[in-house]
Amino acid sequence: MDILTVKNLTKRFGKFTAVNNISFSLKEGEILGLLGPNGAGKTTTIQMLLGVLTPTQGEVKYFGKNLIDNKEEILEKVNFSSTYTQLPWLLTVEENLKFVSYLYEIKNRGQRIKKIIEAFRLKGLFKEQMKDLSSGEVTRINLAKAFINYPKILLLDEPTASLDPETADYIRKFLIKERNKFNISIIWTSHNMAEVEDVCDRVVFINHGRIIADNTPENLAKTIEICHVELNVPDGLKRTIEICQNKEVVYKLEGRNIVVDLKEKEIPGFLRELMDRGVSYDQISIDKPTLEDYFLQVAPKKSKNED
């Protein structure tokens, strides 16, 4: 069931169109990646989904109800977190979470805050002022704030940015666990393509204010033909480079390693030619296309065509 529907959403600032007639939906319990290069329109879209910006045209519906006409009721069940949003710096973590909690109708407020503190590992920071915290700690507190009202829908902008690898992994697993347990729907923006592949069920890709793809991460990666073939070449590196140059394929050197971009069907012929030229390699790895490959190929191409 669609818990959020966006139809023909457009936002103009004077003559500039930041978001151009986009439509998509979010299912109950789904994690949807909202991706695109800087300036693509992601932030403007999120701001319209929160009711912070009024669309020039189009419609946003949560739970079958129009956001503009039912904002207070809808936002009681929605929350937002961004690495780039600041809470009042002179308040403590405790004061901030208590203040935010009073924006919502929450039963057992104290117990809820206590549970949030435990879930996001904030016990040692409870009495600290926000101004004294690291960027990673601020990110965790913003995420904690987003869970305060038992949300049915979460809008998360770069939720693991500024976090160390261990904490980022913990947060990802926590969010997936909460989704599975409470059927929460999440819109997740990130520039970490590996993270999106790991977490998101589906991806909407925006560029220049338009949706250019709406599919699973796996299916988007499959649209890219090029594989990355990495070889360690103790003998014959110059000959390998000559072969790459003759075939006009992209390659990258890393010491005695060479990474060559080839279509999957071209790999056997390339390896045979290395053997015929007496090239010796003792390690080989073949990486199939990923969501990052899709991002790198599609974003510049669309930018060039649309400018």
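A salt bridge here is a side-chain nitrogen of Lys or Arg within 4 Å of a carboxyl oxygen of Asp or Glu. This is a predicted model, in which local features need pLDDT of at least 70 and side-chain atom pairs count only at pLDDT 80 or more, while totals for chains, interfaces and linings use all residues. Residues are numbered from 1 along each chain as its sequence is written, and side-chain values use heavy atoms, with hydrogens and water left out.

Start by selecting K98 and E94. They form a salt bridge, with the closest N and O atoms 3.2 Å apart. Both sit in helix α3 (residues 93-101), four residues apart, or about one turn of the helix. Helices (H or I, at least four residues) and strands (E, at least two) are DSSP runs, numbered from the N terminus. The cut-offs are under 20% relative accessible area for buried, over 50% for exposed and partly exposed in between (1.4 Å probe, protein chains only).

Next, pick K27 and D2. Their side chains meet in a salt bridge at 3.4 Å, N to O. This pair links distant parts of the chain: K27 is in strand β2 (residues 16-27) and D2 in strand β1 (residues 2-13), 25 residues apart. K27 is partly exposed, at 41%, and so is D2, at 35%.

Move on to D132 and K131, whose side chains meet at 3.3 Å, N to O, in another salt bridge. How many salt bridges does the structure hold? The count is 18.

Time for the inside. Colour V93, F120, F147 and W188: of the 49 residues in the largest nonpolar core, these touch the most other members. Such a core is a set of buried Ala, Val, Leu, Ile, Met, Phe, Trp, Tyr and Cys residues joined through side-chain atoms within 4.5 Å. Another core, of 27 residues, lies apart from it, and I22, L34, L50 and V78 are among its members.

Finally, zoom out and colour by domain. The assignment, which is automatic or from a database, gives domain 1 (1-216) and domain 2 (224-287). Their C-alpha centres lie 43 Å apart.
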